[in-house]
Every structure is written in structure tokens, then in C-alpha cells.
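Subject: Structure for you to look through

Hello,

Here is the structure we spoke about. Please open it next to this email and follow the residue numbers as you read.

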Amino acid sequence: MTQLHQNIMGRSIVIVGAGVIGLDVGLLLAARGYGTQITFIAEHLPGDTSTNYTSPWAGANFSAISGGDANALRWDKHGYEHMMKLAEEHGREAYISKTPSLEYWDELPSQTKIESMAGYLKDFEVLRKADLPEGCQFGVSFTTITVNAPRYISYLYKLLKERYGVKFVRKRLSSIESAFSNPSTKVVFNCTGNGARGLQGVADAKCYPTRGQILLTRAPQITQNVMRHGRDYETYIIPRPQSNGNVILGGYMQKGVSTGDTYASESESIVQRTTTLLPQLLDPGMEVLAAFSGLRPSREGGARVERTTVKLSSSQSGIIVHNYGAGGTGFQAGLGMARDAVDLIEDVISTLPRESSRL
């Protein structure tokens, strides 16, 4: 009997991948009483750093960076409402905070996008043309959520383990089928992000990395979120909750670029763009602490949330729910994607024993 076989024994749900997308699936299932039925299998866990582990490098915030398709809009609304409630009830321990936000667009977003945002964002207002930076066509103000990304995923990790009895196994799988190493496994959630392109049994050619470079700075005078959405760039200023005044500056959206290197020229561009967008960064001063690069797990056609069946033997099949490809929207779309993913296997989980719901 393999060690993995033993670790999964008696548990019906396996989640492959422990980034924010997988953790959100685990949180939703655990809150419904299935915590002791869940095992995570992942090469990297919260607290780790790796070019191939995207979540710790995120800005992170709720923003209008997502697309205007129906899924993205629905996931955004669900994620915003959940995280606003979390900020109100557990903001300090979860390392998230309500934050005033300004967002600008060089090109006018779709009317569908604007109407969707206006329908649920707190304190939403369309800015006057006279108040927009030069070159911008549209802007809004609202109350957003900012997230201390590495601290937040560590909060979810601890919550799942200590409150809900979820098990975590550090292992790199050679194939998605190997997640069914124990007969007790009823369903596998594939939350592998960038790994979905190369993982045997998934091998999704639509997946690609979108590289970003950010700067970790110290500028305690900054208490607002500011973003500018360009045709081929993103510029953003995101204060990081409970971090001694740290602020994330970015950035880049480099489709298909997979290096984790950082470049001085890009850091210089980020400083120039962000201080132009928000001159207060330089008053009384800003200290650049470090540069980082991360790879957003993107996918042509948008995120994949889909149930499939895999043949395990001549007499056995397994259920897989694919849940990946959120690109740069994982922190805000994750709960909405998780809800859709879990709904796909309601027929399976309804047969499992569970503790009292903790929703």
C-alpha cells in the first residue's frame, strides 16, 4: 500500500492543487460539513514560494480586471459579497480589508460590465470626465477588498486543517488519474492552475501563463486602491492589509511568458507609471523592498469549470471536476467558481456522511 493510498483512505473527496482556487473549493465543501471527507494533494502548500505556485504572488484585490462574459460577472458578484462579509466579520485574522478604490479605463468598458458593477459594488460612482487622468475614457470609485495574499491563503490553510479536519498531502502527481489511488475516492477536483497544461490526463492546450511583475514597497501613507486598465498593460497600486504599510505596485500582463525572472527596466516602468497615477506615493516617500514575478494561470476562452469522467480500469470510472484557468482573477472569482464546481457533483456529495453545516 503506497503512502498516498494510506493518506486518502476513508476520504471521498480529493482536491488537487492548494492555490486559492483549490482552497476555496475546500472551504465551501468543509462549511457544508464535508471537511473530514477531504484530502488535498499538492506539490506546494501555503507558506511555500515557487514560480509554479501563483497565489502567494498576487496583489491582491477585487477589481474590474475580469472579462464581461456572464460567468465572470456572476463569479465576481459572488466573490465580492463573500469577501465583504469576511472583511466585516474576520478581516483581521483573514488579512483582508475594505478599501476605497479608483479604477480607470483607457477604453470604455462594455455597458453590461458597467451595469453589473453598479448593481452590487458598495459606494459605486461613475467619475466625471474632468476627474480622469489624461488618456482615460472612463472611471469609477467604489469600496473594494484588498488582500494580503500569502497571509490570506495561510489563513484558509489553517482554518481547513484545524477547524474542519481537512487533510493535506504534499506530493506531485504524475497524472490526474493517480489521484484515485484509493477506492474510497468518489470525486477529484482538478485545481492545478498552470499545471493543467502538462498534467497527464488533462493536458489542456488552451492553458498558458500570463506573467506579471510587481514591486513590494513601503508607503504607509497610501490607504486607497488605484488601478488603470490599458489596452495592453495594467497599472495598479494595492495597499496590503496588516503589513506595516506595505503596498504592491504593478504591473504587467505578458501572455505566454513563463519566466520567473524580474527585470530592472520593468521595475523602473512600474515606478514611473504608478507614481504618475498616484503622486502621493512620493510624499513623503516610498521605499522599494523587492521585485517579484508570478505566472497567472490563464486559459483561452476563460476558466474551465466542468465535470468529466475518466476510465480507471475495465470496471471502474472516476469523476473529475475541472476548476482552473482564472488568470488574474482567482482571489475574486474563486468562491463563485467553487460554487459552480461543487454544484456539478451534488449527486455524489449528497450521499456522503457529513457534520452539521457551518455556512
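At what angle do helix H2 and helix H5 pack, and how far apart are their axes? Helix H2 (residues 20–34) and helix H5 (residues 149–162) pack at about 35°, and their axes are 10 Å apart. Axes here are lines fitted to C-alpha atoms, for helices over the stretch in contact, and angles run from 0 to 180 degrees between N-to-C directions. Helices (H or I, at least four residues) and strands (E, at least two) are DSSP runs, numbered from the N terminus.

Before going on, note that this is a predicted model, in which local features need pLDDT of at least 70 and side-chain atom pairs count only at pLDDT 80 or more, while totals for chains, interfaces and linings use all residues. Residues are numbered from 1 along each chain as its sequence is written, and side-chain values use heavy atoms, with hydrogens and water left out.

Helix pairs

The crossing of H2 and H5 is left-handed (the near helix is turned anticlockwise from the far one by less than a right angle; clockwise would be right-handed). On the H2 side the contact (heavy atoms within 4.5 Å) is made by Val20, Leu23, Asp24, Gly26, Leu27 and Ala30, and on the H5 side by Tyr152, Ile153, Leu156, Leu159 and Leu160. By class, the contact of H2 with H5 has nine nonpolar, one polar and one charged residues. Ala, Val, Leu, Ile, Met, Phe, Trp, Tyr, Cys and Pro count as nonpolar, Asp, Glu, Lys and Arg as charged, and the others, Gly among them, as polar.

Helix H3 (residues 70–94) meets helix H7 (residues 330–343) at roughly 110°, and their axes come within 7 Å. H3 and H7 are therefore roughly perpendicular to each other (65 to 115 degrees; under 35 is roughly parallel, over 145 roughly antiparallel and the rest oblique). Residues in this contact include Trp75 and His78 of H3 and Phe331 and Arg339 of H7. The contact of H3 with H7 divides into six nonpolar, five polar and four charged residues.

H3 also packs with helix H4 (residues 111–120), at about 20° and with the axes 11 Å apart. That angle makes H3 roughly parallel to H4. The crossing of H3 and H4 is right-handed.

UniProt records

UniProt positions are in the numbering used here, feature names are shortened, and annotations may be inferred rather than shown by experiment. An unreviewed UniProt entry annotates residues 12–31 as "transmembrane region". In the model this span is 60% helix and 20% strand, and its end C-alpha atoms lie 16 Å apart.

The unreviewed UniProt entry also places a "binding site" at His229, Tyr236, Arg296 and Gly328. From this set, His229, Arg296 and Gly328 belong to the lining of the second largest pocket. On a 1 Å grid over the protein atoms alone, a pocket is an open set of points with protein on both sides within 12 Å along at least five of seven lines, and lining residues have an atom within 4 Å of a point. Tyr236 lies in strand E10 (residues 234–239).

Backbone details

The peptide bond from Gly250 to Gly251 is cis, with omega near 5°. The bond from Asp283 to Pro284 is also cis, with omega near 10°. Asp123 has a positive phi of about 60° although it is not a glycine, and Asp123 is found in the loop between H4 and strand E4 (125–126).

Regards

Key. On a 1 Å grid over the protein atoms alone, a cavity is a set of points where a 1.4 Å probe fits but cannot get out, and a pocket is an open set with protein on both sides within 12 Å along at least five of seven lines; lining residues have an atom within 4 Å of a point.
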